Amino acid sequence: MDKVFIYWDNSNIFISARDVAVEREGNSARHRVRVHFRNLLELARADREIEHAIAVGSVPPELRHVWNRLENEGVTVQLLERGAIDRREHGVDQTLQTPMLRDTVDYNGDPGIAVLLTGDGSGFVDGVGFHADLERMHQRGWRIEVLSWRHSCNRRMREWALENGKFVALDDFYESVTFLERSMPGDPIAQPREIVPLNLWERQ
């Protein structure tokens, strides 16, 4: 059975989820939507054996217990501090691309399935970025799957994945891979939304 290698850019997935939440559940959902890590991991795994998985995200510390759950599932977690000035993470791409390329070399004679969770396809023209590395892996016999939100996935990368592998739109699993927290004190009252069970049959 082919082994799965998961590369997860959580910030890209989470930020884009906010836009989908607003579209589906109204403006108040933007700051209440959260990614359900366990279900998203199960969607990426799809009942297959995980050989290697890495997720990159950011602190805040109050989410540390959530990241711990991923680590308990065998996922390597890399947390990056946000910049003091722009409040953005720096080095996410490189933090994920390095293990992608290492796995490509280390499993040169036994390629697996690369599952990338991001919509970031920038840098392709210059031969850098996630899309360029996916093509490198594909040329060496890897099967490719991209999981991303439709609206935020780089069009070139999405079309390439559809032609050469698989593109899984997270929109189709929105209610299973996200949930809404209760509104904060002082905000308009809004009830939480729990997740619905994940149906992997819809992934095929």
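**The nonpolar interior and its surroundings**

Author: In this predicted model, the protein chain holds seven helices and eight strands. Of its 204 residues, 47% count as buried. The accessible surface of the chain comes to about 10800 Å², and carbon and sulfur atoms account for 47% of that area. Among contacts between residues at least 6 apart in sequence, 66% join residues at least 24 apart.

The largest nonpolar core comprises 34 residues, and those with the most contacts inside it are Ile 6, Trp 8, Leu 40, Leu 70 and Leu 117. Several elements give two or more residues to this core: strand 1 (4–9), helix 1 (10–25), strand 2 (33–35), helix 2 (37–45), strand 3 (50–58), helix 3 (64–72), strand 5 (113–117) and helix 7 (174–177). Helix 2 gives the most, with five residues. Residues up to four places away in sequence being set aside, Leu 40 touches Trp 8, Ile 13, Val 35, Leu 117, Leu 170 and Val 177.

Apart from this core lies another, of 21 residues, which includes Phe 5, Leu 134, Met 137 and Trp 160. One of these, Met 137, is among the buried residues of helix 5, as are Phe 130, His 131, Asp 133 and Glu 135. Helix 5 (residues 129–139) is mostly covered, since eight of its eleven residues are buried. Just after helix 5, Gly 141 adopts a positive phi of about 95°.

Strand 6 (residues 143–148) pairs with strand 7 (residues 166–169) in the parallel sense, over four bridges. Within this pairing, Ser 148 has Ala 169 of strand 7 as its bridge partner. Between the two strands the chain passes through helix 6 (residues 155–164), and this β-α-β crossover is right-handed.

Pro 99 is found in helix 4 (residues 92–106). With a relative accessible area of 11%, which is under the 20% limit, Pro 99 counts as buried. Its neighbours within four places in sequence left aside, Pro 99 is in contact with Tyr 7, His 52 and Ile 54. Pro 99 and Phe 5 are 94 residues apart in sequence, yet their C-alpha atoms are 9.8 Å apart in space. Phe 5 itself is one of the residues of the 21-residue core.

Terms used:
Residues numbered from 1 in each chain as written. Predicted model: local features only at pLDDT ≥ 70, side-chain atom pairs only at ≥ 80, totals over all residues. Heavy atoms only, no water. Core = buried A, V, L, I, M, F, W, Y, C linked by side-chain atoms within 4.5 Å. Buried < 20%, exposed > 50% of the residue type's maximum accessible area, 1.4 Å probe, protein only. Contact = heavy atoms within 4.5 Å. Pairing = 2+ DSSP bridges. Right-handed = clockwise from strand over helix to strand, strands pointing away. Areas by Shrake-Rupley, 256 points an atom, 1.4 Å probe, with all protein chains shown as cover.
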